[in-house]
Amino acid sequence: MTKQQDTSGSDHFDALIIGAGFAGLYQLHCLRDKLGLNARVLEAGGGVGGTWYWNRYPGARCDTESHGYCFTFSEALYKGWEWSERYPEQPEIVRYINYVADELDLKRHIQFETRVTSAAWDDAAGLWRVETEAGESLSAQFLVTAVGCLSAANVPDIPGRDSFAGEWRHTGNWPHEGVDFTGKRVGLVGTGSTGVQATPVIAEQAAHLTVFQRTPNYSVPARNGPLTPEFKRHVKENAGDIRDTMQNTLSGHPWFPSDRRTHETPADERERLYQEAWERGGLQFRATFQDILVDKQANEVVADFVKRKIEETVKDPETARKLTNFDHAYSTKRPIIDTHYFEAYNRDNVALVDVRSAPIQEITADGIQTADAFYPLDVIVFATGYDGVTGPLLRLDIKGRDGTPLKDVWEAGPKTYLGLQVEGFPNLFTITGPQSPSVLTNMPVAIEQHAEWISDCIAHMRAEGLERIEPQSDAAAAWGQTVNDAANATLLVTAETSWYLGANVPGKPRAFLAYAGGMARYREICADVAAKNYEGFTLA
Ligand code: NAP
């Protein structure tokens, strides 16, 4: 592709894509190889992988089963890769993403170690002007964000944090060379998916591990293990069916939820079904009955089952009590699966500290001081999550028409149309953006649908000689209502401390961040909008 420049002398592209994770790679493939556009990916990291490039913490593994955690748009690509375990570990996912990038010859159009510091729409020129940390200026007709939903780390601003004499790390920005916990007293703050994965692995190596828990979480055994040759063969022989299932189910996972209702099923039968699901393990546990996220009493049945399992596992009754002192209904925060998390508390070198009843007050040079005790530490691990979904976009410092910052438009929470575009920000597309199914689904499925929709939209514009697209006010407002209605029809909105509601970041507006109506329904809505000549968008 020949190098182009705009009138200001900046390198100019048809499309700039920010991020080289699953989303950025597939978007580049769609735009470059299917549409023939001059496209470039800008990536802050030194390699492909996005969240998996940065999240190298001990125990980092995907909760989606490996045969569903990959691209399915190309059967050859799908069949050309073989996963080794039921859930892929971080290094294997990075190897997979490199396999995709190499097979599709994508790396030559990815500019690594390039952090975008701002993006501004130039209305007169009809293009996006993008600045990078290294001072480079680039421009493009289309700007596509592929920055992931969980890439802006939430490091708590605890007084004295930077005075800590030992090493502290956030799990989302883990050093490539790893952290050696041998002989160390380790403090782990946070018990979400990450803390739950890291706890048993750190416990194996550290002299002592203190887990600082603010809110207890439900978790179900993952039951990870190597894949059998029969299963690997089954996956290859049924690639098409697996893809169909993922595209037509609520969550984008390779299974359909049961259509059973809790209170139409006798109690002993329910217990048997939950026991079976517990033994099978994995996220599918929550799909044993169809009503746990919409019926409070049905939810109490499953919550009670999980609570009993934790109580049976954890030997110390006081620790078990702290681990089951739930403040939310089962699965209303991101459901967690684990490998020997609760068992880790039976070790002599692991202690649980409840920082809801006695909050962390400060970090000193030597450890963590809570309201009722001091914990001497050599290493602190913050598994404290992310400024989810909106955070990665807001930190790009995006300015739309008339220089309006995105953060002003989203002051009271995100406003989008279909989670794909924002009014006043022409030609900006947000892959797995706020108000799309994003974090409620299996990510590669959501990413493929978005990247294809964006690519089809740009193809349509090119074919029709159109240069700009942005949402209409009414359509965006109606979509906001649809998103709220979908969330309010579930128990998801009852989890007061959920990051789905932005509750984990001080000062973040309270708004449900994803479309909860299901991936299959969302796919239909987007297809329908496109079929009706991009209804709700203004194309010029
Ligand atoms: P998270 O779910 O937001 O959990 C953060 C934890 O840190 C919570 O227990 C939170 O307590 C605690 N915390 C935050 N600030 C704190 C403070 N100032 N003092 C004490 N505790 C504090 O974050 P995460 O575990 O990193 O997971 C985020 C998301 O990433 C997951 O929900 C999931 O979508 C994704 N993820 C996926 C995988 C996978 O597929 N395997 C693995 C890891 C993560 P509160 O609950 O009280 O706020």
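Which residues in helix 14 meet helix 16? Before you click, keep in mind that this is a predicted model. Now select Val-445, Ala-446, Gln-449, His-450 and Trp-453 on helix 14. Across from them, on helix 16, pick Met-519, Tyr-522, Arg-523, Cys-526, Ala-527, Val-529 and Ala-530. Color that contact by class and you get nine nonpolar, two polar and one charged residues.

Next, show both helices as cartoons: helix 14 covers residues 443-464 and helix 16 covers residues 519-531. Their axes sit 11 Å apart, at an angle of about 0°. Angles under 35 degrees count as roughly parallel, so helix 14 and helix 16 are roughly parallel to each other.

Now jump to the ligand. Display the 23 residues around the ligand; Arg-61, Thr-191, Thr-194, Arg-214 and Thr-215 are the ones that come nearest. By class, this shell holds eight nonpolar, nine polar and six charged residues. For a secondary-structure view, select helix 5, residues 193-205: with three residues, helix 5 gives the most to the shell.

Time to zoom in on some polar side-chain atoms. Start at Asp-63, where one lies 3.0 Å from a nitrogen atom of the ligand. Move on to Lys-333, which has one 3.0 Å from a ligand oxygen atom. Then try Arg-334, with one 3.2 Å from an oxygen atom of the ligand.

How values were computed:
Residues are numbered from 1 along each chain as its sequence is written. This is a predicted model: local features need pLDDT of at least 70, side-chain atom pairs count only at pLDDT 80 or more; totals for chains, interfaces and linings use all residues. Side-chain values use heavy atoms; hydrogens and water are left out. Axes are lines fitted to C-alpha atoms, for helices over the stretch in contact, and angles run from 0 to 180 degrees between N-to-C directions. Helices (H or I, at least four residues) and strands (E, at least two) are DSSP runs, numbered from the N terminus. Angles under 35 degrees count as roughly parallel, over 145 as roughly antiparallel, 65 to 115 as roughly perpendicular and the rest as oblique. Contact means heavy atoms within 4.5 Å. Ala, Val, Leu, Ile, Met, Phe, Trp, Tyr, Cys and Pro count as nonpolar, Asp, Glu, Lys and Arg as charged, and the others, Gly among them, as polar. A residue is near a molecule or strand if one of its heavy atoms lies within 4 Å of it. A polar contact is a pair of N or O atoms within 3.5 Å; within protein, one must be able to donate a hydrogen and the other to accept it, and residues adjacent in sequence count only if both atoms are side-chain atoms.
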